[in-house]
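Please read the points with the structure open.

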Amino acid sequence: MKPLVSVENLQVHFPVYRGLVFERQVGTVQAVDGVDLQIRRGETLGLVGESGCGKSTVGRAILRLQRPTGGRILFDGSDLAGLEGEAMRTFRRRVQLIFQDPYASLNPRMSVGEVLAEPILLYGLREGAAVGERVRELLSLVGLSPSHAGRYPHEFSGGQRQRIGIARALACEPDIIVCDEPVSALDVSIQAQIVNLLQDLQERLSLAYLFIAHSLNVIKHISSRVAVMYLGQVVEIGDTADVYGAASHPYTRALLSAVPVPDPEIERRRTRIILQGDVPSPMDPPPGCRFASRCPIVQDRCRTNAPSLVQADANTSLAACWRTAESQALMPDLFSPQTGETIR
């Protein structure tokens, strides 16, 4: 079965200008540079990495809110670069976004009912009394009371506002939703409720998610596959169990080592990997592996030749590292943040 979304060699570069009167381009920020991803129908692909690595830019490019500099994005077999008119209108309905900030993403002058009715009317999905019925159905679907339709955003808590944001995305009856850090602005207990809600909705409505987040625990809980980004590139991708159970890339292992474990005994036995050095500038990335300046197992060829995504064996994920087959032996054993079991 062909994937719903295929990202092929995606590049998104931003020009940098200087000068107040006569502007001139002095450089280019390579926010995303050579990313390949696939998202299947009904699955969740988790996209994780530190701030500034290009996660949100990938999501915006898939939504076509940001035009790529190079590469291409296929949605259900169609190249997004060629979509215009009615085809683009249909695409906009089928691909939706859940924002990070539930406070800033809702119009304070519109009631919840108006917020949810707007996309329904815009795409002609319902008419007349059926619009109100659909609004009430959406509120019930996300765990809110239909009577909340007459209230305004300021009357809700952060978690409730995010539920409204989810309902708004569902109003268009999409195939895929880009979740751009949808729980990072919420309390931990509310985060769990929102993540569980998204999983329930996925099962009921056969939705696909691109779930962008910082939290490795959240990504593990919701994702069926995980992609790890560093400085505009995917450095490791695979099934969640493979990435968390046998991480192959040194950067992924460093990320996993930083996840706290709520068990003092396990925490004492864990090995924390402290990365040295600075992240290179996206305006002037190194010619070889972009992680080479911070990698604890770097070799000379890592600084000159960029590795491709390869698989060490059938039980591991794809990792962009010259020492994929050796990294698990060269770097310290870790303990899984969820089970306390040793990661090899």
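1. A term is needed at the outset: helices, of at least four residues, and strands, of at least two, are DSSP runs, numbered from the N terminus. The model under discussion is a predicted one.

2. The sheet is open and is formed by 8 strands, in the order S6-S7-S8-S3-S9-S10-S12-S11, with mixed pairing. Its edges are strand S6 (95-98) and strand S11 (309-311), each of which pairs on one side only. On average, and ignoring direction, neighbouring strands of this sheet are turned by 20 degrees against each other.

3. One pairing may be followed in detail. Strand S10 (residues 233-239) and strand S12 (residues 318-320) run antiparallel and are joined by 2 bridges. Glutamate 236 has alanine 319, in S12, as its bridge partner.

4. Helix H2 (residues 85-94) touches S6 and strand S7 (176-180), and its direction makes about 40 degrees with that of S6. Helix H9 (residues 250-257) touches strand S9 (225-230) and S10; the direction of H9 makes about 105 degrees with that of S9.

5. When the whole structure is searched, 2 cavities of 30 Å³ or more are found.

6. The largest cavity holds about 80 Å³ of space. Which residues lie nearest its centre? They are Cys289, Cys295, Cys302, Cys321 and Trp322, out of 13 residues in the lining. By class, the lining of this largest cavity comprises 11 nonpolar, 1 polar and 1 charged residues.

7. The second largest cavity holds about 30 Å³ of space. Its lining consists of Val48, Leu216, Val226, Val228, Val243, Tyr244, Thr252, Leu255 and Leu256. S9, helix H8 (240-245) and H9 are the elements that give two or more residues to this lining.

8. Which element gives the largest share of the lining of the second largest cavity? That element is H9, with 3 residues. H9 is also the helix described above as packing on the sheet, where it touches S9 and S10. By class, the lining of the second largest cavity has 8 nonpolar residues, 1 polar residue and no charged residues.

Note on methods. Residues are numbered from 1 along each chain as its sequence is written. This is a predicted model: local features need pLDDT of at least 70, side-chain atom pairs count only at pLDDT 80 or more; totals for chains, interfaces and linings use all residues. Side-chain values use heavy atoms; hydrogens and water are left out. Two strands pair if DSSP finds at least two bridges between them. Axes are lines fitted to C-alpha atoms, for helices over the stretch in contact, and angles run from 0 to 180 degrees between N-to-C directions. Contact means heavy atoms within 4.5 Å. On a 1 Å grid over the protein atoms alone, a cavity is a set of points where a 1.4 Å probe fits but cannot get out, and a pocket is an open set with protein on both sides within 12 Å along at least five of seven lines; lining residues have an atom within 4 Å of a point. Grid points are joined across faces, edges and corners, and a volume is the space filled by probe spheres set on the points. Ala, Val, Leu, Ile, Met, Phe, Trp, Tyr, Cys and Pro count as nonpolar, Asp, Glu, Lys and Arg as charged, and the others, Gly among them, as polar.
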